[in-house]
Amino acid sequence: MNAKWKRTLTPYLLILPNVLIYFIFIFVPLLCVVYLSFTNYSILSAGHWVGLSNYARLLEDKLFMGAVRNTIVFWIVSVLPQMAIGLVLAALLNSKIKGLPFFRAGLYLPSVISGVAVSMTWLYLYDYQSGPFNAALKALHLNPINWLGDSQYALMSISILGVWVGTGYALIVYLAGLQSISQELYEAASIDGATRLRSFIRITVPLLNPMTFFIFVTATIRSFQVFDYVYVMTKGGPLNSTNTIVNSIVDTSFAQYEMGYASALSIFLLAITLVITLINYRVGTKTLDS
Amino acid sequence: MIQKRGKAALSLGMAATLLMASACSSGGSTAGSEASGGSSGSGGSGKAVTLKVWVPINTPELDAVYQQIGDDFEKTHDNIKVEITTIPFADYFQKLSVAYAGNIQPDVHGLGFGQLISTVDQGNYMDLNSLIQIDNWSGKDDFYPDILKAGEWNGGLYGLLIPEIRPLVWRKDFFKEAGLDPEQPPQTYEELFEFAKKLAKKENGKAVRSGLDITTSTVNNANSEQSFLSMLLLNGLNLYDDKGDPTFDSPESIQVLERIMDLVKDKDIVFQTDVNVTGTLFQNNLAAMSFASSYSLAQLSKSIGAENLGYSLPPKGPNGKQTSLMLGTFMTMAKKTAHPQEAWEFLKFMFSPEELLPFAKASGYIAPLQSLKEEFVKLDPANQVVFDAMNDASSYLPSANWSTNVKYLRIGLEEAYFEKKSPEQAMKDAAASARQENAKK
Amino acid sequence: MKKAGATKSLIYVFLIVITLLNLVPVVVMIFTSLKSNDELVSGSFSLLPKHWMFDNYRQAMESGNWALYFKNSFVVTVVVTAGSLLFNTLAGYTFARIRFRGSTMIFVCLLAGMMVPAQSIVVPQFIIMKSIPLFGHNDIWGQGGTGWLNTYFALIIPALSGSIGIFMARQFYASFPKDLDEAGYMDGLGYLGTYLRIYLPLSGPLMATLGILKIVSVWNEFFQPLIFTNTESMRTIQLALSLFKGEFTIQYNLLMAATVLVSLPMLAAFLLFQKQFVGSVVSSGVKG
């Protein structure tokens with residue numbers, strides 16, 4: 001009985017330090033946000049219960065729905081390339097090449113610089129008049145692009161930056177995954193006469209499933225929270241073409257003083273990302289079990 | 001076993017509820033009983049009191065200037081210590097509002113113009129009138145009335161303004177280049193547009209210099225509503241009425257926007273989105289005339305030479321109005337401060353001529369006191385204009401709807417300037433959205 | 001054989017091109033940090049500085065008490081990284097290898113916490129932080145003082161729990177062969193013993209990856225220190241960096257100089273940790 005109890009209780013004790021801190025500093029505040037989303041709390045004065053009206057308002061809020069659309073575009077355009085490029089690069093780096101430390105550090109470097117500094121550097125790169133990107137275009141006799149100033153291109157430009165920053169992240173997580181795949185599997189495969197590409201697709205990619213799931217979920221969560229770049233580079237413009245969900249939430253909380261409504265927006269964001277994650281979780285566990 | 005698990009879940013739930021109750025409830029309740037004020041010690045009784053003072057700054061050098069006030073104050077007030085914290089403008093309100101929500105707001109703090117007038121109705125700030133009356137504070141009469149009025153709401157006075165007055169400023173070198181008399185700014189509204197066309201510079205069918213500094217998009221600390229408001233004020237108009245209802249869609253306001261659109265369509269205006277600059281076009285050598293404060297042009301003045309900048313009152317509007325836009329930073333007291341008397345002493349000290357003069361000199365601000373006018377004019381003859389402008393200055397009206405109205409106005413202006421909509425349509429749509437949202441708050 | 005050589009060279013060319021392209025923004029940043037003020041305001045862009053202003057670095061570091069800011073960030077980063085690595089991998093192992101009631105539920109709750117931005121939960125967080133009993137002149141009910149605000153606790157404790165860390169550890173351990181647990185069971189090890197004796201030694205790549213992710217995220221954290229600290233004595237490097245940005249003017253060269261210096265320890269940490277990547281480890285851990 002005693003031993004059995006011990007085995008039942010141990011898992012809980014093992015996660016306790018983490019869960020306790022999380023519970024106090026993240027989860028309880030999160031519950032508060034749920035509560036506040038039913039009030040018209042302004043950050044400077046107490047609000048009162050308004051039921052579901054914040055959620056009703058949210059659905060009719062064209063500005064916010066535009067932000068949702070922009071965020072989804074950013075998500076799709078930035079996350080998939082990050083993962084694809086990260087995977088390919090990780091596989092190449094894992095193939096016993098010389099100069100590995102140089103490549104690895106060079107490819108990961110963008111990810112260690114803070115978002116604000118990165119954004120300010122890219123403001124420079126994207127400069128319409130004299131930025132290096134447009135200088136390159138002009139050298140190729142192409143028309144310069146108003147990267148951030150044209151509502152057609154601004155969101156794409158920010159997505160490119162997203163890919164640049166995020167690829168290093170996918171890269172090192174995939175590398176860690178690749179490192180833990182047993183070489184014996186490859187040896188067995190090469191006896192079968194499988195080509196490298198085929199063994200990569202047949203063996204490596206499925207074995208990396210847990211990492212793919214992890215990268216996809218975290219990259220998704222992060223891209224749904226894209227804020228720094230937008231805040232520094234475009235303030236959501238021009239013509240709201242780069243307004244994102246978190247940009248709206250921050251503006252609503254601290255510039256419009258509507259914390260209650262902003263809480264509803266946050267819960268909406270939580271709901272979207274949770275649904276995407278759970279769908280993936282289902283798919284992910286299925287492939288894991290098989 | 002099941003019972004035990006139930007108990008565990010129950011106690012967990014209770015802990016969560018308790019924590020939640022404490023975390024959610026103290027948020028911003030205006031009727032909080034105990035005022036901690038973030039300061040230690042009780043007022044009076046000879047014990048040293050520590051005042052917390054927060055101010056937003058828009059350039060790092062201002063930190064030392066504010067610290068100096070604190071040092072000076074401590075020298076003359078034995079029992080009061082002052083802790084001055086300066087915070088960059090971009091992060092300021094987030095920090096301040098969270099401190100208010102947590103009930104540990106500073107005793108004295110700065111506030112942006114829009115921030116004060118849009119939150120004053122929430123009852124967090126101290127009405128200074130009673131303190132002024134008890135003290136019979138002579139400084140009140142020294143203030144320019146229009147500047148003092150800026151902090152008034154519902155009969156109370158909630159902040160003392162360090163103003164940033166925006167009369168007309170022009171580039172003499174650009175005037176010469178365009179063949180205009182560098183000493184003759186436009187005198188009338190018509191002339192303003194005439195000059196704006198002449199002063200604009202184009203290359204390959206695109207504007208490379210604005211005749212008149214109009215902000216077309218709100219990016220990098222240039223706010224499109226401000227240059228528009230300057231133009232409205234010349235016509236005796238404002239963005240919204242005293243009830244906070246948008247008026248920027250009135251026929252008169254739309255007419256103003258249409259006049260600006262003439263310039264835009266004629267390629268006389270550089271678009272903010274075409275140039276990667278921080279601040280307004282004028283601050284970046286990209287405009288010949290602007291409604292701007294001398295304070296915001298310190299850097300420019302240094303780089304091109306003060307002799308190339310001319311200041312005058314704005315040109316007379318169609319009805320003879322010459323109102324200048326006034327923004328700036330308010331100094332405010334928290335209503336719940338544990339040390340109202342000491343906080344008031346500090347405010348008084350800060351706004352005394354002896355302290356304000358060196359402060360204004362060091363920071364580049366202009367002191368809004370009549371007794372200091374001569375001193376400032378001696379310092380720089382151009383200051384004459386700023387002091388004259390203080391006699392007729394106006395700004396946003398106090399209203400909780402300020403933030404919503406400005407938010408949608410910015411969208412509307414951008415849609416008009418980018419010719420996505422006609423000026424009329426853009427303003428009507430923006431006003432309609434603002435009204436709808438104001439009603440839901 | 002020839003073909004294999006050609007493929008190899010192609011891979012090299014590809015990697016070199018990609019890596020260099022990837023470094024363009026970093027190079028621009030470094031060159032910007034060496035430009036003079038006059039050149040920056042002149043408006044025309046050239047990659048190389050006209051005058052190499054190495055003095056910018058000295059100026060940037062003399063703009064404040066940078067030794068103190070580095071110390072603050074260093075202390076927070078080291079403690080958080082060490083603590084969270086232990087806590088997160090332990091929890092990740094538990095979620096991955098042990099079946100227990102409510103594990104999925106708890107795990108999803110842990111993930112949910114990442115799904116709202118820090119700005120959304122900052123007010124309740126702030127109030128909890130302020131109400132920690134018996135700290136910062138608080139009474140036993142958490143009233144009267146400032147709790148953990150403006151202390152290292154505020155920057156360290158919440159960061160010790162990391163949903164991403166647990167998640168990653170869980171995914172990493174999930175791909176380990178089942179024989180490992182059986183081996184532990186055979187040796188009479190409990191859960192904790194299995195983790196410490198068998199899983200931990202195999203966690204090199206995980207620790208390296210998680211470590212570098214955590215270091216970077218804590219080192220670059222801006223919002224939490226902004227809200228939870230007040231005084232210069234608690235200022236972190238990211239807060240100090242933000243001070244180069246004025247409302248009307250940005251001191252690009254000094255900002256970039258400081259950014260380069262601030263990023264250097266991250267690069268060093270990466271190089272240090274990446275030794276851990278070397279070698280396939282799991283296969284060596286399983287006998288037979």
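## A walk through chains A, B and C

The model is a predicted one. An unreviewed UniProt entry lists this span as a "transmembrane region" of chain A, along with residues 12–38, 72–93, 105–125, 199–221 and 261–281. Take residues 12–38 of chain A next. That span is 93% helix and 0% strand. Its end C-alpha atoms are 33 Å apart.

Chain A meets chain C. The contact draws on 79 residues of chain A and 76 residues of chain C. On the chain A side, helix α1 (residues 2–36) gives the most, with 19 residues. By class, the residues on that side of chain A are 57 nonpolar, 19 polar and three charged.

Now look at chain C by itself. Chain C has 15 helices and zero strands. Its C-alpha atoms fill a box of roughly 75 × 70 × 30 Å along the principal axes. A compact globule of 288 residues would have a radius of gyration near 19 Å, but chain C has 24 Å. Of the 288 residues in chain C, 47% are buried. Take the contacts in chain C between residues at least 6 apart in sequence: 67% of them join residues at least 24 apart.

Chain C also touches chain B. Here 22 residues of chain C are in contact with 27 residues of chain B. On the chain C side, the elements giving two or more residues are α6 (118–130) and α12 (223–228). Helix α6 of chain C has the largest share, seven residues. The chain C side divides into 12 nonpolar, seven polar and three charged residues.

One residue of chain C is worth a stop. Where is C:T249? C:T249 sits in the loop between α13 (237–242) and α14 (252–273) of chain C. Is C:T249 buried or exposed? A residue counts as buried if 20 or more other C-beta atoms lie within 10 Å of its own. C:T249 has 22 other C-beta atoms within 10 Å, so C:T249 is buried. What is C:T249 in contact with, leaving aside its neighbours within four places in sequence? The partners are B:T59, B:T278 and B:Q299. For a sense of scale, pick C:R99, 150 residues from C:T249 along the chain. The C-alpha atoms of C:T249 and C:R99 are separated by 57 Å.

Move on to chain B. It has 18 helices and 13 strands. Its C-alpha trace spans about 85 × 60 × 35 Å along the principal axes. Does the radius of gyration of chain B agree or disagree with that of a compact globule? With 441 residues, a compact globule would have a radius of gyration near 22 Å; chain B has 24 Å, so the two agree. Of the 441 residues of chain B, 53% count as buried. Among contacts in chain B with a separation of 6 or more, 74% come from residues 24 or more positions apart.

Chain B is assigned two domains. Domain 1 takes residues 49–164 + 328–388, and domain 2 takes residues 168–312 + 401–440. The C-alpha centres of domain 1 and domain 2 of chain B lie 29 Å apart. Their contact takes 10 residues from domain 1 of chain B and nine residues from domain 2 of chain B. On the domain 1 side, α4 (113–119) and α16 (383–389) of chain B are the elements that give two or more residues. Helix α4 of chain B gives the largest share, three residues. That side of domain 1 has six nonpolar, three polar and one charged residues.

Helix α17 (residues 402–417) of chain B has 16 residues. From first C-alpha to last, α17 of chain B reaches 22 Å, close to the 22 Å expected at 1.5 Å a residue. How many residues of α17 of chain B are buried? The helix is mostly covered, with 16 of its 16 residues buried. Just after α17 of chain B comes B:E419, with a positive phi of about 55°.

Notes
Residues are numbered from 1 along each chain as its sequence is written. Chains are lettered from A and ligands numbered from 1 in the order in which they are written. This is a predicted model: local features need pLDDT of at least 70, side-chain atom pairs count only at pLDDT 80 or more; totals for chains, interfaces and linings use all residues. Helices (H or I, at least four residues) and strands (E, at least two) are DSSP runs, numbered from the N terminus. The radius of gyration is taken over C-alpha atoms; the globule rule is 2.2 Å times the number of residues to the power 0.38. A residue is buried if 20 or more other C-beta atoms lie within 10 Å of its own, exposed if 12 or fewer, and partly exposed in between; C-beta atoms are placed from the backbone. Two residues are in contact if their C-beta atoms, placed from the backbone, lie within 7 Å. Ala, Val, Leu, Ile, Met, Phe, Trp, Tyr, Cys and Pro count as nonpolar, Asp, Glu, Lys and Arg as charged, and the others, Gly among them, as polar. Domain bounds come from an automatic or database domain assignment. The expected span of a helix is 1.5 Å times one less than its number of residues. UniProt positions are given in the numbering used here, feature names are shortened, and annotations may be inferred rather than shown by experiment.
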